[in-house]
4 protein chains.
Amino acid sequence: MSNEINDVDQDGSGATTDRRTLLRTAGIAGVAGAALAGSMHGKFSLAPISQAQAQTATSMPKNVDKPWWPSKWGKDDESGASNHITPAKVLDAAKWIKDGKIYKIGRVYEAAMPLFGARVFALRIPGSPTGGPFGDNKLVYHDEFLATEIGQTGTQFDGLGHIGIQMGKEGDKSEMRFYNGFTAAEISDAYGLKKLGIEKLKPIFTRAHLIDMVALKGGMMDAGQEITSADIKAALAKQNIPESDIKPGDAIMFHTGWGSLWMKNNDRFNSGEPGIGLDAAKWIVEKDLALTGADTWAVEVVPNPDKTLAFVVHAELQTKNGILNHENLIFDDLIADKKYQFVYSFTPAPIKGATGSNGCPIAIT
Amino acid sequence: MSNEINDVDQDGSGATTDRRTLLRTAGIAGVAGAALAGSMHGKFSLAPISQAQAQTATSMPKNVDKPWWPSKWGKDDESGASNHITPAKVLDAAKWIKDGKIYKIGRVYEAAMPLFGARVFALRIPGSPTGGPFGDNKLVYHDEFLATEIGQTGTQFDGLGHIGIQMGKEGDKSEMRFYNGFTAAEISDAYGLKKLGIEKLKPIFTRAHLIDMVALKGGMMDAGQEITSADIKAALAKQNIPESDIKPGDAIMFHTGWGSLWMKNNDRFNSGEPGIGLDAAKWIVEKDLALTGADTWAVEVVPNPDKTLAFVVHAELQTKNGILNHENLIFDDLIADKKYQFVYSFTPAPIKGATGSNGCPIAIT
Amino acid sequence: MSNEINDVDQDGSGATTDRRTLLRTAGIAGVAGAALAGSMHGKFSLAPISQAQAQTATSMPKNVDKPWWPSKWGKDDESGASNHITPAKVLDAAKWIKDGKIYKIGRVYEAAMPLFGARVFALRIPGSPTGGPFGDNKLVYHDEFLATEIGQTGTQFDGLGHIGIQMGKEGDKSEMRFYNGFTAAEISDAYGLKKLGIEKLKPIFTRAHLIDMVALKGGMMDAGQEITSADIKAALAKQNIPESDIKPGDAIMFHTGWGSLWMKNNDRFNSGEPGIGLDAAKWIVEKDLALTGADTWAVEVVPNPDKTLAFVVHAELQTKNGILNHENLIFDDLIADKKYQFVYSFTPAPIKGATGSNGCPIAIT
Amino acid sequence: MSNEINDVDQDGSGATTDRRTLLRTAGIAGVAGAALAGSMHGKFSLAPISQAQAQTATSMPKNVDKPWWPSKWGKDDESGASNHITPAKVLDAAKWIKDGKIYKIGRVYEAAMPLFGARVFALRIPGSPTGGPFGDNKLVYHDEFLATEIGQTGTQFDGLGHIGIQMGKEGDKSEMRFYNGFTAAEISDAYGLKKLGIEKLKPIFTRAHLIDMVALKGGMMDAGQEITSADIKAALAKQNIPESDIKPGDAIMFHTGWGSLWMKNNDRFNSGEPGIGLDAAKWIVEKDLALTGADTWAVEVVPNPDKTLAFVVHAELQTKNGILNHENLIFDDLIADKKYQFVYSFTPAPIKGATGSNGCPIAIT
């Protein structure tokens with residue numbers, strides 16, 4: 001690829017039509033290549049960008065047929081589906097607190113976690129102790145220094161600045177669109193997103209429904225295996241939850257068993273995953289839910305059965321509909337206790353301009 | 001100091017008594033100096049270590065008269081006062097959810113926050129976008145890379161590996177004691193504490209009482225101004241909260257007004273603070289509370305009225321009694337709504353071996 | 001600005017002409033705003049982008065009248081003026097080693113250094129020790145963990161991927177050009193530049209001429225004070241160096257006195273600086289030099305006497321001509337010894353895809 | 001191990017003799033365990049600490065029979081063998097510049113490098129661009145953000161604060177000794193070593209002799225294979241270098257072939273290495289050399305033929321004798337050109353309080 005670019009006659013005479021075409025193609029390959037280089041550290045190969053696609057770079061991306069903005073919460077909204085969490089919703093959810101039992105459904109953060117692509121998680125304790133002894137009481141203290149993709153490692157909560165779609169010309173930040181139509185040109189900043197930062201979200205405290213796909217399928221699902229709306233309905237029936245019990249603003253969570261590979265077989269865990277596809281996404285949008293979650297690193301099926309699509313459910317739910325997403329959850333204790341309905345409570349760490357959040361979501365029963 | 005050390009006759013003949021004394025002194029000065037060097041970046045000068053103290057390095061540190069271990073939750077316990085949060089406690093707290101209103105009581109994290117000592121908060125967005133476009137759907141994504149003292153910047157929740165006391169000989173890690181008597185030798189690891197990491201704590205979901213000191217005192221309190229148990233009682237009375245309503249396992253929070261300096265006057269904010277002293281700490285221990293919180297960076301009064309003491313309330317509550325602590329909270333909306341009692345909900349981010357946690361605590365009414 | 005964007009009718013009907021114009025403008029303001037936000041942490045305000053400029057976003061940037069590529073070292077070259085350092089050049093330079101004296105002309109790196117914009121320099125020693133004791137020989141060791149803009153803090157050597165020019169439409173990475181015409185679309189990668197990384201440069205070992213502007217002007221120069229080619233000639237004459245002694249591939253360095261503010265008055269140091277302007281840059285290009293250096297953070301005059309120009313000398317020398325640049329050097333010992341000609345030796349740390357390099361350049365006499 | 005600690009009766013009654021013994025043992029295991037935990041991420045298992053050793057914790061560590069301080073450069077010296085580099089030495093070395101050819105003998109730094117233990121190397125480009133466009137000239141720029149053990153990853157130059165020996169009681173920082181007898185208590189600081197930081201070293205510009213062990217042995221050496229003084233003499237003879245040509249202050253470098261595994265087989269590269277043992281170290285000390293280097297990550301043989309010893313050559317050369325060390329060099333081009341003698345030039349990046357330095361050493365012929 002780079003040879004082709006270098007073979008272009010860079011004579012300064014102004015770009016010819018051919019050269020423009022080539023550069024546009026190179027633009028695609030260049031940026032995608034960057035990301036692919038990252039993913040080489042990690043887990044799966046993406047479908048190559050089709051030649052046809054490359055030649056029509058200004059056409060609509062697949063699965064986009066019209067602008068998805070303004071959002072139903074208004075053209076300035078940066079909170080997306082967290083807007084569902086009104087006092088009425090909180091009170092409705094709180095009715096589900098019956099046992100007083102709290103489950104941690106987030107995983108422990110550590111360097112040995114499976115990580116996507118080239119991300120790192122590096123914790124260091126400065127000094128030993130970090131400071132002291134101070135005063136006659138001889139106080140000492142420890143700090144910890146962490147360098148990581150804070151919102152995108154381990155149990156991670158996706159905010160609305162995480163996923164976008166390159167509309168128009170490749171590499172043109174004024175045509176790279178996120179939730180509510182905000183462009184990369186508008187939100188980008190080397191020191192934190194100017195819009196759609198995770199701090200814009202409201203606390204989530206809502207009713208959550210856990211779909212036990214392992215029980216439905218009789219074992220751990222496999223990478224690339226899609227959860228459909230029919231699967232959801234079948235699981236609900238098996239769990240004696242009427243579909244009508246799923247209300248707007250609720251959360252839906254998927255136990256696929258894939259999480260059992262966590263730190264046991266990171267390579268396989270990273271190689272793909274079972275999860276929801278566009279069919280289930282459509283159902284989720286229709287149900288007007290606030291959040292999806294799963295025991296996988298992306299919630300959605302990877303690779304997508306349509307090999308030309310990459311993380312398309314992320315775009316469908318988050319970018320187009322502002323629905324939030326929580327990855328790498330753990331439901332083992334809930335499953336053991338047969339608790340399929342609970343209060344999900346999580347408020348993202350309000351890191352200004354971050355794309356996501358670390359933290360420990362809880363399930364209250 | 002370093003000259004004195006270098007003047008020691010380092011002839012390899014074995015340490016003489018004098019030299020031992022000098023090195024012991026140097027040890028004190030050295031380690032304290034390290035921390036002081038850090039604090040030079042920051043905010044306040046600590047009381048110098050008294051000469052008498054230096055000469056009796058193996059005596060008990062001030063405010064320590066006997067070992068504080070084993071803890072009342074057993075000699076192996078690493079969860080401290082989070083053990084208070086039982087299902088019964090959760091159900092009791094949940095009764096306070098009446099309005100369905102959720103208040104974020106944590107601050108936004110950003111580089112311009114006031115930071116203690118030499119700590120940093122550095123967020124970067126890698127690339128723009130970080131990855132993509134991928135697939136024919138042309139998905140792009142952003143990550144964020146954060147380098148910081150994750151549990152000890154901004155709104156910070158102190159875990160039980162944060163604060164200890166140098167018992168015995170200075171610089172001897174087998175005599176540097178933390179909660180439940182664990183020593184630095186036992187818990188230290190350059191890559192995360194081996195014991196007392198923040199991930200050992202249980203979710204906190206409890207009744208919280210907010211003490212409005214600004215209302216009681218008629219304005220913002222000042223640095224070095226101590227909140228006593230009498231103040232607490234007076235404020236409770238003023239707020240129509242019977243003292244008997246404060247139950248074991250509850251949280252107590254202090255609104256001092258000092259938080260109004262946040263990012264307005266960081267230098268003054270860092271120069272000290274109003275807060276609780278040993279008298280109030282004793283009351284808190286007697287009430288058997290689970291957690292303290294405030295709109296300040298240390299919750300306790302700084303400097304302490306006894307200038308020979310440094311962060312002694314931290315040691316009293318956290319190290320000796322396993323009581324947790326949440327710093328840099330914000331109560332403005334609660335105060336405006338006259339909500340002095342609410343559910344405090346926070347589960348620390350389970351960062352393995354970390355001393356504290358970032359995140360957004362919430363108050364539910 | 002953001003209000004204007006939000007006022008746009010984002011009705012999804014497709015962009016109107018007016019909206020395109022507005023978004024284009026917003027694109028400019030957006031990206032510039034990001035950088036300006038960064039510079040708020042730092043030092044100087046840049047000239048606002050003129051309205052006329054904003055309205056003609058596709059016109060040539062100021063001080064660019066034609067493409068500057070391909071480079072004289074070929075269309076694929078990524079080494080720029082480091083190509084000057086041939087064996088013949090090394091042998092010629094080595095003749096200047098007469099005293100055997102080596103001067104460190106780089107500064108010590110530490111957190112308290114003046115830093116540009118929002119950059120940080122955070123060093124931590126993990127543990128104490130970091131590891132050990134190991135084996136019966138009881139070995140212990142220390143590491144250090146550093147988080148920083150490694151090539152752009154302290155004494156910093158600018159590589160060829162550091163500075164570019166936004167040609168064409170704002171925010172369009174395929175029209176953002178660097179040395180030899182490489183575009184941001186071609187070189188960008190969230191994990192390191194794909195082209196023009198610092199590792200592509202050859203070792204620099206060349207003759208260097210130090211211009212003592214303090215001696216010429218009778219004291220420290222001031223921010224915004226320009227060093228012209230006439231100044232260079234006058235200083236050379238004063239130092240008894242014939243202009244003809246300046247040969248292609250040599251380095252030229254400027255002692256302005258501004259470095260005396262280093263860690264003494266960081267605010268003033270960062271507020272601007274004396275340095276070379278476009279006139280001196282033209283002389284440097286004509287002399288075909290390999291490198292510029294100075295005791296300032298940018299080598300060039302800041303602000304530029306033409307207030308519409310920002311860091312234009314960087315673009316003139318580095319982007320257009322591949323001439324390298326070393327900032328925040330220190331010449332005090334050389335000046336004291338009246339050593340105005342010496343061997344400059346520096347090989348950038350070959351950090352793959354980095355924009356610059358840390359390290360300690362030396363002067364050998 | 002931790003279970004044993006927890007089984008101790010922590011009754012607060014004061015430590016009994018037995019408990020002291022146990023805690024002391026635990027102290028050993030604890031600190032060593034920390035490091036071992038780190039090495040679990042990495043490469044090789046260390047010899048277990050012998051039971052006998054644990055029970056005599058205050059005895060001399062193996063290979064230490066007497067204090068090694070004060071150094072021959074004085075009791076305050078922090079520059080070690082870099083003191084050899086006097087003007088006379090520089091002039092003597094410069095005589096070897098005959099071809100004018102410069103070889104980079106440092107490797108490119110990148111995330112995929114083999115890394116020791118839990119160290120990381122994480123480079124990110126903030127934004128794209130990081131800043132701009134600025135001004136009417138529309139300047140844009142890139143930075144890079146790096147988080148790493150800067151002096152101990154990739155091609156790494158060991159300073160004198162890197163390696164020490166735990167004398168006396170385990171975990172007692174006042175008995176943890178480094179070069180010139182400085183103790184951990186004296187030099188430790190969470191934000192950078194207070195003494196023996198890499199910035200204290202003088203520029204190295206000296207004669208270097210390259211020992212081609214691959215040529216001598218007929219192929220790549222293997223992990224655990226020791227280079228002896230006899231090997232050195234044999235290689236010198238084969239290379240027609242009289243042993244008398246090795247002068248005080250010179251550098252000696254070893255080409256073992258192990259570097260051919262770099263990024264080809266990181267697991268094997270990290271699993272151990274060929275290198276010098278105590279016999280060669282003795283020869284190096286007798287020759288009074290300034291620096292050792294090799295194409296391996298530790299220069300010394302790992303594991304040591306004496307399995308009770310861990311990195312003992314590091315301690316012998318660096319800690320006791322102040323001799324510097326450069327790891328992960330690359331000699332392929334020098335070997336190809338049969339250049340066994342050259343000027344080695346490297347000045348550590350003066351990062352205040354760092355244990356080592358990144359950068360690119362060069363060989364000049």
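These legends cover close-up views of two chain interfaces in a predicted model.

**View 1. The interface of chain C and chain D.** About 8600 Å² is buried between the two chains, with 63% of it on carbon and sulfur atoms. C:Asp136, C:Lys138 and C:His142 supply 9% of the area that chain C buries against chain D, more than any other three residues.

**View 2. Strand pairing across chain C and chain D.** Strand β5 of chain C (residues 145-148) runs antiparallel to strand β5 of chain D (residues 145-148). The pair is joined by 3 bridges. C:Ala147 has D:Ala147 as its bridge partner.

**View 3. The interface of chain B and chain A.** Chain B gives 105 residues to the contact, and chain A gives 105. The buried area is about 8500 Å², and carbon and sulfur atoms give 63% of it. B:Asp136, B:Lys138 and B:His142 supply 10% of what chain B buries against chain A, more than any other three residues.

**View 4. Salt bridges and strands between chain B and chain A.** The interface holds 6 salt bridges. Among them is A:Lys352 with B:Glu110, the closest N and O atoms being 3.2 Å apart. The β5 strands (residues 145-148) of chains A and B pair antiparallel through 3 bridges. A:Thr148 is the bridge partner of B:Leu146.

Definitions and conventions: Residues are numbered from 1 along each chain as its sequence is written. Chains are lettered from A and ligands numbered from 1 in the order in which they are written. This is a predicted model: local features need pLDDT of at least 70, side-chain atom pairs count only at pLDDT 80 or more; totals for chains, interfaces and linings use all residues. Side-chain values use heavy atoms; hydrogens and water are left out. Buried area is the accessible area (1.4 Å probe) that two parts lose on being put together, summed over both. Two strands pair if DSSP finds at least two bridges between them. Helices (H or I, at least four residues) and strands (E, at least two) are DSSP runs, numbered from the N terminus. Contact means heavy atoms within 4.5 Å. A salt bridge is a side-chain nitrogen of Lys or Arg within 4 Å of a carboxyl oxygen of Asp or Glu.
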